[in-house]
Amino acid sequence: MVGYFQPQTVQEALERLAVGDSTVAAGCTDLFPATEHQSLAGTVLDITRLAELRGISETGTGWRVGANTTWSAVIDAVLPASFDGLKSAAGAVGSVQIQNAATIGGNICNASPAADGVPALLTLEAEVEMSSTRGSRRMPLQSFIKGPRQIALQPDELMVAIHVPASAARGQSGFLKLGSRKHLVISIAMVAVRLVVTDGKIQDAAISVGACSPVATRLVKLENALKGASVDAALGIVKPALIEPELTPIEDIRADRNYRFVATAEITRRAVASVLAKADGLVS
Amino acid sequence: MTISSETLDIEINGIRHSLPKELSGNRLSSVLRDKLGLTGTKVGCDAGDCGACTVLVDGASVCACLTPVAHVGEKKVTTVEGLSDAAMSQLQASFLRHGAAQCGICTPGMLMAAHALQQRIVKPTRAQVETALGGVLCRCTGYQKIVDAVLDTGKVEQQDQPEAGAAIGAAVERLDGERKVLGLDVFGADLLPENALLVRAVRSPHHAAKFTFGNIDEWQSGHPGVAAVLTAVDIPGENCFGVIPGCEDQPALAEGHVRLRGEAVALIVGAADVVEALTFVDFPVEWEPQVAVLTSSESKERTGDPIHMNRKGNVLITGRVVSGDADAALANAVHVAEGEFETAYVEHAYIEPEAGVAWMEGDVLNIHACTQAPVMDRDETAKVLNLPKDKLRIRPAATGGGFGSKLDVSLQPLIGLAAMVTGQPCRMVYSRAESMCSTTKRHPAKIKARIGTTKGGELTGMIFTGDFNTGAYASWGSTVANRVPVHASGPYRVPDFSAEASAIHTNGPTSGAFRGFGVPQAAILQEALFDDLAEACGIDRLGFRLSNALQDGDQTTCGQTLQGVGIRECLEALQQPWEQALEEAATHNRTNTALRRGVGVASCWYGCGNTALPNPSTIRIGISGAGEIFLHQGASDIGQGANTVIAQICADALGIALGSITLVGGDTALTPDCGKTSASRQTFVTGKAAELAGKDLRRTILSMSNMSPDADIEIVGTKLVISEGTVSREIDLAKLPANEFGYVLMAEETYDPPTQALDESGQGIPYAVYGYGAQIAELEVDMKLGKVRVLRVTAAHDLGRVINPILAEGQIEGGIAQGLGMALMEEYVPGRTENLHDYLIPTIGDVPEVRSILIEKPDPEGPFGAKGLGEHVLIPTVPAILNAIRHASGARITKLPAVPHRVLAAIQKVNDNV
């Protein structure tokens with residue numbers, strides 16, 4: 001069937017999804033560019049009226065970000081410093097016009113290897129909450145995105161929120177995006193860094209790189225090497241040998257493969273340096 | 001279950017509209033434009049890449065093309081039409097005053113993005129403006145004047161129109177500017193006659209293929225609402241057009257085989273909603289792909305059938321200039337520098353994709369479409385459609401940028417054919433992908449050069465060869481092949497010289513005209529080798545150029561003796577900024593190794609008008625019995641400012657206040673031929689015709705009133721008042737008889753630049769007027785990432801006489817932005833970058849500060865001494881940037897664009913060699 005549905009409640013939306021064959025539409029900033037036509041094709045399930053899916057709130061166990069939260073709302077929200085990387089990524093999404101419409105859930109579900117929001121969310125140990133008429137479930141973001149344009153969402157499921165556990169909402173964070181121009185640019189590479197520093201030592205490290213593998217990836221080897229390291233020694237630890245094995249970059253019009261290796265190591269070093277500087281600023 | 005009401009209610013600019021709810025999932029942009037007639041909101045890409053369609057929803061800027069109408073229910077939408085009440089808003093007035101609108105296609109989007117910011121922050125900073133406007137692309141202005149206009153909003157200074165005789169040199173607001181900032185200018189897609197049919201083209205997905213049609217009638221009958229399907233057999237005239245006589249080779253609709261991806265083979269005409277929704281997957285066409293060649297080197301090596309049977313070896317043409325004995329000069333030179341360089345396809349990326357509408361009025365076909373050359377459109381389209389020229393009327397639309405590509409016809413024969421066959425108005429609006437894949441590009445060039453000097457750095461000889469990939473059809477390939485050798489020396493004395501440029505066919509996009517016709521590509525290598533030579537000679541790079549610069553009385557490599565040569569003055573004006581820039585870079589680099597600064601310099605010269613071919617312009621100016629003065633100004637104003645500049649020249653030639661002149665546009669039924677807006681010729685050639693016509697009318701008036709040449713002329717009511725000192729006479733216009741054009745007084749003058757054909761060695765007088773310029777680029781190179789940030793460009797350009805300083809600066813800033821794009825990011829790859837997120841042009845955050853220095857070294861031939869400027873400004877930018885990259889990092893770039901991975905590889909090469 002064909003139609004445009006704008007449910008007012010999650011239950012209505014889930015019932016519609018259970019019927020099958022609907023395209024879920026939120027910010028539409030990926031759906032419309034995918035067509036040259038003037039209207040969205042097929043059955044469209046517009047979820048932008050679902051108030052429960054909007055906004056960021058602190059829960060007993062961490063933070064809940066509604067799937068329909070726009071990037072502008074992320075930028076405007078008052079959040080702990082561990083979300084600075086996510087905020088910075090939000091400001092790097094397309095343009096103000098895109099940030100005003102595009103949603104965090106859409107960015108994830110579109111599953112582009114170059115999705116701006118994903119690396120920072122990975123460093124926040126984000127979990128995805130999905131609902132259907134069959135019930136709800138949660139899954140780590142890392143497993144939710146299975147490959148380019150591939151996600152673990154069942155056809156009758158709706159992504160309703162992203163959850164950041166309190167354990168990950170700690171420390172300082174940052175994000176760097178490397179592209180060939182300032183605005184409206186798809187990344188050559190990007191990196192998100194979250195570090196928990198106490199008494200001059202890195203207690204916890206979460207580092208994630210986007211656009212250099214089919215799905216953004218955590219740099220586990222580098223993270224492990226940094227954990228327990230002194231702040232002074234940290235930059236010396238950020239070496240290509242700990243980064244490159246985790247990446248499988250492609251060669252495309254934006255950059256060649258070798259460049260992505262080299263540049264990722266460099267922006268990772270810079271991002272770590274800038275997060276350490278923030279942490280240092282807090283201490284002194 | 002979810003949408004209870006039968007209609008979809010939305011509020012636009014405070015007015016409620018009830019729409020059928022079937023439109024819920026439609027793009028807001030299309031509903032605003034097609035259903036509500038609010039065409040101020042422009043569409044450039046339908047993908048959120050350009051921001052031209054920016055509107056406000058509850059005060060927040062969004063792309064209307066990405067917003068389903070259902071999203072704005074219960075919200076307040078503001079479009080550009082809602083920005084002004086009776087008068088322009090302060091923001092719009094500031095845009096006009098600053099020259100922030102050139103072609104005007106991005107202006108509504110820019111205004112809305114700026115308005116959203118100003119609603120949030122009353123006094124934003126420059127950085128806040130750049131962030132807020134970062135999502136709107138502009139291809140004309142270089143953004144500087146847009147940012148200035150936003151920052152300066154509210155400072156109202158009433159601008160008085162200049163008095164009689166003072167128009168030239170005045171920073172007059174563009175005369176066609178008010179409708180641009182109000183969103184009222186009518187572009188190709190903005191005229192929507194009732195019941196107009198929509199035309200879409202079926203295009204080749206292959207670079208080269210044979211094709212056959214199946215049962216088209218059956219397909220059509222299976223698609224109710226399709227009124228006609230047209231193919232090459234339906235074309236009544238010669239299915240072959242082109243811009244250069246003798247080189248016509250391009251079919252309006254391909255016959256049996258296609259030579260490039262995106263070539264049109266059939267037209268589908270019908271009810272707009274039906275045709276818009278078609279996908280063509282079931283259209284009965286069978287493709288038989290063939291081996292395609294996409295580069296000039298492959299093409300030269302290919303055996304078998306050439307791409308055009310009459311062009312052996314796929315060579316369209318080779319242009320040549322030879323003077324003296326370059327081989328001997330290089331053999332005897334003390335220092336010789338040599339190099340090779342390769343450039344990419346560059347897309348014009350105007351924000352307005354091609355669009356237009358055609359309709360019949362009696363037996364006259366009318367076409368309203370974007371264009372740089374209305375009379376050429378008429379002549380080429382008339383030939384394809386087998387119409388006498390007087391049965392085809394081109395009524396130029398406002399044109400949202402052209403930069404060379406809108407010189408060629410695109411959709412004109414297609415919509416013309418559809419309107420003739422159906423008898424109904426027929427409209428066509430190219431998608432961004434369609435515009436990018438089917439229209440012309442800048443020629444990819446593979447060039448080599450050797451240049452020699454004496455021990456002291458005096459140029460002695462140069463040899464240049466270049467292959468220019470001219471793509472599938474001739475277009476302006478021969479112009480490029482002829483222009484490049486003439487300009488390959490740069491504005492310098494090279495006594496012994498040999499240059500050859502070939503236009504080579506491939507199955508790539510057709511390469512045509514693009515700001516500079518091949519000269520920007522050639523200048524890159526010449527200016528890079530000059531840096532090598534200056535270094536070898538131990539001479540300052542600017543000094544090297546200065547000592548070799550052409551001067552009055554010097555001969556060019558074509559043997560032409562020049563007068564009014566301003567290159568020395570340009571370079572001299574750069575001396576102080578050059579020294580300061582070098583000092584600042586050195587200071588910076590003393591303490592920075594990761595981020596290195598560099599400074600580069602390069603020059604340009606450029607002949608204005610056609611290369612040794614006639615290119616006349618005719619200007620008519622008439623005074624009616626009612627006392628109105630009409631200037632028939634046919635030079636297409638695609639944003640560069642001809643409407644204003646030509647009027648300023650004519651006003652001063654006539655000696656009447658600019659404000660008393662009314663413009664009549666380039667409608668081929670109303671206005672004589674002013675030729676094409678190309679080759680930086682309009683200010684010079686049409687300007688000269690305007691000067692002659694103005695002076696002629698002035699002579700007539702003075703002689704009728706028996707007054708001296710110094711008398712003042714004024715229109716008072718229906719009377720001309722001619723006065724000098726205490727003497728004053730009147731001509732009662734109402735009492736004079738009107739001529740066939742309805743004018744009681746009229747002058748019409750034609751000007752064609754005096755040139756002389758080039759002989760087989762390229763000797764002759766290719767151009768009557770040249771313009772000159774030189775630019776310094778200051779930039780930073782990130783040594784670890786290869787990223788380049790251009791900080792400042794100081795541009796000195798010799799305009800002969802500055803007609804309008806604001807418009808001149810606008811050309812310089814815009815040309816530099818395009819040059820920066822070509823240098824650092826732009827590469828069109830057929831089939832891969834047919835959108836504005838894979839094909840990158842500079843955004844507001846990528847352009848440098850531009851400092852313009854306007855030099856006036858009068859040209860003996862130009863109107864009031866004026867020279868052309870439009871293309872000149874792009875030529876020095878790329879070499880100045882590349883020379884600065886090398887100065888900063890040692891990296892020698894040999895292939896464009898200098899994207900980060902290429903720059904980093906070049907830096908690593910230097911490190912490896914150390």
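Of the 284 residues in chain A of this predicted model, buried residues make up 55%. The overall dimensions of the chain can be set against a simple expectation. A compact globule of 284 residues would have a radius of gyration near 19 Å, and chain A has 19 Å, so the two agree. The C-alpha trace of chain A spans about 60 × 45 × 30 Å along its principal axes. Its secondary structure consists of 11 helices and 14 strands.

In chain B, one place to begin is an open sheet. Its 5 strands are arranged in the order β2-β1-β5-β3-β4, and the pairing is mixed. The edges of the sheet are taken by β2 (15-20) and β4 (60-63) of chain B; each has a single partner strand, so one side of each is left without a neighbour in the sheet. From one strand to the next, the twist averages 40°. Strands of a sheet pair through backbone hydrogen bonds, in either a parallel or an antiparallel manner. The antiparallel case is found here between strand β3 (residues 54-57) and strand β5 (residues 76-78) of chain B, which are joined by 2 bridges. Across this pair, B:Leu56 of chain B stands opposite B:Thr78 in β5(B). A helix also packs on the sheet: α3 (residues 107-120) of chain B touches β3 and β4 of chain B, and its direction makes about 35° with that of β3(B).

Further along chain B lies helix α18 (residues 642-654). α18(B) is mostly covered, with 13 of its 13 residues buried. The residue that follows the helix is B:Gly655, which has a positive phi, near 85°.

What does B:Cys650 contact, once its neighbours within four places in sequence are left aside? Its partners are B:Ile619, B:Ile621, B:Leu631, B:Ile661, B:Ala690, B:Ala693 and B:Gly694.

How values were computed
Residues are numbered from 1 along each chain as its sequence is written. Chains are lettered from A and ligands numbered from 1 in the order in which they are written. This is a predicted model: local features need pLDDT of at least 70, side-chain atom pairs count only at pLDDT 80 or more; totals for chains, interfaces and linings use all residues. Helices (H or I, at least four residues) and strands (E, at least two) are DSSP runs, numbered from the N terminus. The radius of gyration is taken over C-alpha atoms; the globule rule is 2.2 Å times the number of residues to the power 0.38. A residue is buried if 20 or more other C-beta atoms lie within 10 Å of its own, exposed if 12 or fewer, and partly exposed in between; C-beta atoms are placed from the backbone. Two strands pair if DSSP finds at least two bridges between them. Axes are lines fitted to C-alpha atoms, for helices over the stretch in contact, and angles run from 0 to 180 degrees between N-to-C directions. Two residues are in contact if their C-beta atoms, placed from the backbone, lie within 7 Å. The expected span of a helix is 1.5 Å times one less than its number of residues.
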